[in-house]
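Q: I've got a model open and want to learn how to read it. Can you walk me through it, feature by feature?

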Amino acid sequence: MDAVSGVSFLDDQSLVRRAQQGDRAAFGELCDRHYRLAFQCAWRRVGNRADAEDVAQDALIRMGQGLKNLRDAALFRGWLLRIVINAVTDLQRRRKAERLGVAAFVAEGDTVWFEEDSHDRDAGLWRAVRQLPEKQREAVLLVYADQMNHREAAEAMGCAEATVSYHVHEARKRLKTLLSEDAP
């Protein structure tokens, strides 16, 4: 950002407040700072670069549209991650509808799925995480991948902190099973 405006030296809360007042430079700085976070959050959920980039860009557009409604700038990070998660859900719904549209031509059991990022040493883990039930998957990704504490994850998920802890606990048990099934 412009060294004269000093925008790049502001903390996120100050940038949010300035962006809410119409400061385009502050909004741009928020986008620059948090694109990687949005991309990583999306990638862990969708499993490929192109979709993750689309989701991250969509989330930043949604962020711009809804920023004026964010009441507490201190909650920005969790609020942004909730937007990313919602954008992923929307993408998955669209994809599901697309798959149902071609279901008459291709039997579900005959579909071959390729892991675009199979070269990644963690691909097996992320594949297993994506197989978890939705609430468990979100709790694990927010706590371990997005490095939120249980309170922050609860805010992002819109539930109680104890619920996040329960989902993480159940996910650990399920991941052990999933990963042992994949082992040679």
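A: Happy to. Start with pLDDT, the predictor's confidence in each residue, from 0 to 100. This is a predicted model, so to speak of local features takes pLDDT of at least 70 and side-chain atom pairs count only at pLDDT 80 or more, while totals for chains, interfaces and linings use all residues. Residues are numbered from 1 along each chain as its sequence is written, and side-chain values use heavy atoms, with hydrogens and water left out.

Q: What is the mean pLDDT of the protein chain, and which elements have the lowest and highest values?
A: The chain averages 81, with 79% of its residues at 70 or more. Helices are DSSP runs (H or I, at least four residues) numbered from the N terminus.

Q: How do α2 and α3 pack?
A: Axes are lines fitted to C-alpha atoms over the stretch in contact, and angles run from 0 to 180 degrees between N-to-C directions. Under 35 degrees is roughly parallel, over 145 roughly antiparallel, 65 to 115 roughly perpendicular, and the rest oblique. Helix α2 (residues 24-46) and helix α3 (residues 49-66) pack at about 140 degrees, axes 8 Å apart, and are therefore oblique to each other. The contact includes Phe27, Leu30 and Trp43 of α2, and Val55, Leu60 and Met63 of α3.

Q: And what about α1 and α2?
A: The axes of α1 (residues 12-20) and α2 come within 8 Å and cross at roughly 135 degrees, so this pair is oblique too. Among the residues in contact are Leu15 and Val16 of α1, and Phe27 and Leu30 of α2.

Q: How many aromatic pairs are there?
A: Rings of Phe, Tyr and Trp (its six-membered ring) pair if their centres lie within 6.5 Å; planes under 30 degrees apart are stacked, over 60 edge-to-face, the rest tilted. By this rule there are 2 aromatic pairs. One of them, Tyr35 with Phe39, is stacked, at 6.4 Å centre to centre and 20 degrees between the planes. Both residues lie in α2, 4 residues apart, about one turn of the helix.

Key:
Helices (H or I, at least four residues) and strands (E, at least two) are DSSP runs, numbered from the N terminus. Contact means heavy atoms within 4.5 Å.
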